[in-house]
Amino acid sequence: MGFKDKIFAVVDLETTGSSYKNGDRIIQIGMTFVQNNTIIQEYDFKVNPGKKIPSMIENLTGISNKDVKNAPYFEDIADYVFNLLEGCVFVAHNIEFDYRFLSKSFIEAGLPELNILGLDTVELVKILFPTLDSYRLSDLSNQFNFAHDKVHDAAGDARATAELFIFLQERAVSLPIVTLEKLNQLSHQTQRNNQDFFEMCLEISREQRVPLSEDIIIVSGIALRKKEILVEQTGHRMKDSFDTRNLWRTATEGTAFKTREGQLDMMNQIEAFFQDSDRHSFAIEAPAGFGKTLAYLFPVILQASPESKVVISTSTLLLQEQLETVMKKVQMMLPFSLLFSQLSSRNHLINLEKVEKIKIFELFGTDALIMMSIYVWLTETETGNLSELSSSHKIGSLIESLSYKFEENEIDSKWREFDFFFFHQEKARKASILLTNHAYLSHHMQDIKGMSENGDISLVVDEAHRFAQMYKEKEKVTFQLSAIRRKVYKFSSVVRGYREHLEQHAKTAFPHYELINLEFAMDQLINTIMELETKFENEFLDEKETQKNTDSYYLSSEFLESNWFKRYARKLILHYEELRLTGARYLELDHHAGEGQFASRLRIFIGAMSEHIHNFSEIMKKDHFGYYAIKKGNRLGGDRIGLEKNHWDIGEKLQKELNATFSKMLYISATLLLTDETNYFSRKIGIEDLETISYTSKYEDVKSKLDIYVPNDIPAVTKMGHHDWTNMLTNFIFQLVSETNKKILVLFNSNQVLEEVLNKLRVRDERGKTGIEFLAQGFSGSQRRVHRRFLEAEQAVLLGSGSYWEGVDFPDQPVEIVVMTRLPFDPPETPENRAIDTYYRDFGGGNSFRTESLPKMIMRLIQGMGRISRKEGHSGILYCLDNRLLYSPYAKKIKDSLPEGITIHEKNFEDLIF
């Protein structure tokens, strides 16, 4: 009987715990039998484990001690279960646990160990569906609409896994034959008998002679999804017959879109801005829930054309993807055609030429499994953007080796027609609207300028309050001493090994003398970097008392002028020059002919070192708004020390680059503080007299109010001990989520505090097993996965920091309660804040706190409030556990800056939750 005709026994176990060795035993066995892709039989056995079921397991599975009190012991049913499985193929979702646990149970019952074929559906689904956010069985059941009402019930899980297994076989058989052949070539690296699964599916596919989909094309033995660029029929768009108002009415008629108060006025303001050739920069402040995305999209649509493009930039990749979703909906509503395109870095794209050249028989372990997933993904993706792949597929170096590098421009002519980078470039040239993010925009303005034939490009900056900060990241220059030292040391061993190899086969003494000189220059460079690291390490020791809980330490610009630094800088540059010259002399010699691989590696190494030294030289240049920091960290057990230069005020440079690229610039955000006397946003983007309009008070929706509750009887957060502070947060959050039936977002300033509170919450939850899902940024998977789990959970708490204050949106998620653990001030000891304080003290003649720190905090505070649910008529609740909102010298300034519709309530801490 062939593998495809076998009976597949899909098995799931519920146990008292995960360790058979430590006495855990089976409490339920679920088995669903499948043959010829049809479920033929199901079994559900309750088992008395002979011990008390832990309360945690009882809460998880719903199986109590009472339920198994009269159930048979495993040895009573072992023979029957063993006979049912005999001759079958064992299938499980994470097979190693169920297979081994059951096998050990059989041995204890006096039976032979389990010795049948086995398939793991976790591994199979990762290969066949490589873009999913989660591979948990419950999440897969929701994704593929399997009936799975009883999660953590062995019978229910076995049934769901059986449906998944049938679905996986259908999916594999539907793949192009060439893809299935590639999977079979790599499947010997899969676990258990998953190789037999792929052989079976290839056999079935050949027998069925499944025709190749019209959406697939085969190039050099690789199946790809066809890509098509729709050309706008601009002659039939008749945009001249529309203005923003009637286009909006035409497009939204009969849809669920509702016009919000002020939205049409904002559209008219933007339309007038685009039509006036004398206006170049315009800023609009519109509150969360105002509908500002649609308010700017419709006038942009009327303005944009393939010849006069409009670039829309937002703050994060996630928001860029959300904007693309909105754009697709709007695109379908329009009475004319419109083409838009995404802009992203080429290093995010897969290079098909590299895929073709990869030697798949040399791939092992995880790399082989990831390559199998990539072959499947290439039959689905139209973008080639590697971010589409699940985070579980991005471990190791394989993905990096298959992606574009920034310096790579040439590509084999046969791949040009199918290459993803050229496809994106061509689509962008033909599109009217280009979607991107602030990081890409900051690094690629020159590239964007070249995408328009006549150079007429307008820019819309959404989430504009974050733009200057992200542009500053582009201006940052780093010199990673520890990483560079390790690279030099690693390559010096390559040089030494190569030189010794040559000497062993040499006919004359010292045939490669320049290699000895190269080794000496590398040793000198290593020693100088080590001395500099030690010197900086001593700087840390001096600063530790004033700069706690940070890995970034401020250095004043005077250190550039210090004799010790100048001495080390001269030595470092001198040793690098010796390295470069000795390497160049070696490369000029004729005796390395035929040894091209080493010569190529040497050229790459010298090129990389040249870039590092260039960065070091840039750091050494004094700059009026530049500041310096020592970066210290620990990774894989080794200390890392680096030198960094950044700029705290880049407005003038930013504006110069923007003016050279764009004809018009529109800035939009919920928090620009346009009426603030410090002109904070205008200064940050480098415009003195910025034309502005604010809708934050004029059109505030009084139907959707926000209540802020602040405790008035607890110590100030700045005076509370760390242990007391984290315990208070844990108790408050746990009580809040336990007594409400709402989804809660908790915002932190510190990742360290976030992690501590998360761990304490999970310990509390283990005791009570509430079923509440505690999610956290950086600890619960990718941002997309966290979003989806938060959306799907009945009751959940999401702990976030950083971008969760202002860069993550919840347009469709019912966030009705937000907890702010403290006001979102940046720590005063950060290098940037110390540099700002120094500047205002020595040159600025003002108050750095009120001019810089306070408005920045208020912007983040208002952005954090915007995470609350925006549904019309809904009231949101925000708990601010920092009573500086009430009792600080700047409390009135904060309250005056808040939008209308917000009420602040003072309460005793014990009475906050009601």
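Predicted model: local features only at pLDDT ≥ 70, side-chain atom pairs only at ≥ 80, totals over all residues.
**Entry 1: the cavity lining**

I started with the residues that line the largest cavity: Gln342, Leu343, Ser344, Leu349, Phe421, His424, Gln425, Tyr440 and Met451. Residues are numbered from 1 along each chain as its sequence is written, and side-chain values use heavy atoms, with hydrogens and water left out.

Which helix gives the largest share of that lining? I found helix α18 (residues 420-430), with three residues. Helices in these notes are DSSP runs of H or I with at least four residues, strands are E runs of at least two, and both are numbered from the N terminus.

I then sorted the lining by class and got five nonpolar, four polar and no charged residues. The classes go like this: Ala, Val, Leu, Ile, Met, Phe, Trp, Tyr, Cys and Pro are nonpolar, Asp, Glu, Lys and Arg are charged, and the others, Gly among them, are polar.

The volume of this largest cavity is about 40 Å³. Volume means the space filled by probe spheres set on the points, with grid points joined across faces, edges and corners. Searching the whole structure gave me one cavity of 30 Å³ or more.

**Entry 2: the whole chain**

Next I zoomed out. I count 35 helices and 25 strands in the protein chain. Along the principal axes, its C-alpha atoms fill a box of roughly 90 × 85 × 70 Å.

How does the radius of gyration fit a compact globule? A globule of 914 residues would come out near 29 Å, and the chain has 31 Å, which agrees. That radius is taken over C-alpha atoms, and the globule rule is 2.2 Å times the number of residues to the power 0.38.

I noted that 54% of the 914 residues are buried. The cut-offs are under 20% relative accessible area for buried, over 50% for exposed, and partly exposed in between (1.4 Å probe, protein chains only). The accessible surface comes to about 41500 Å², and 47% of it belongs to carbon and sulfur atoms. Those areas come from the Shrake-Rupley method with a 1.4 Å probe, and for residues only the protein chains shown count as cover.

Among contacts with a separation of 6 or more, 77% are between residues 24 or more positions apart. Contact means heavy atoms within 4.5 Å.

Leucine 602 sits in helix α25 (residues 596-620) and counts as buried, because its relative accessibility is 0%. Leaving aside neighbours within four places in sequence, leucine 602 is in contact with Phe491, Leu518, Gly583, Tyr586 and Leu587.

Glutamate 519 belongs to helix α23 (residues 513-543). Is glutamate 519 buried or exposed? At 6% relative accessibility, I put it down as buried.

**Entry 3: two positive phi angles**

I checked for positive phi in residues other than glycine. Asparagine 36 has one of about 55 degrees, and serine 220 has one near 50 degrees. Asparagine 36 is in the loop between β2 (26-35) and β3 (38-46), and serine 220 is in the loop between β6 (216-219) and β7 (222-225). Asparagine 36 is exposed at 51% relative accessible area, while serine 220, at 38%, is partly exposed.

Last, I took some distances. Aspartate 79, in helix α3 (residues 74-85), is partly exposed at 48%. Its C-alpha atom lies 75 Å from that of glutamate 852, 773 residues apart along the chain. Glutamine 143, in helix α6 (residues 137-144), is partly exposed too, at 45%. The C-alpha atoms of glutamine 143 and phenylalanine 748, 605 residues apart along the chain, are separated by 31 Å.

Key:
1 Å grid on protein atoms, 1.4 Å probe; cavity = no way out; pocket = protein on both sides within 12 Å on 5 of 7 lines; lining within 4 Å.
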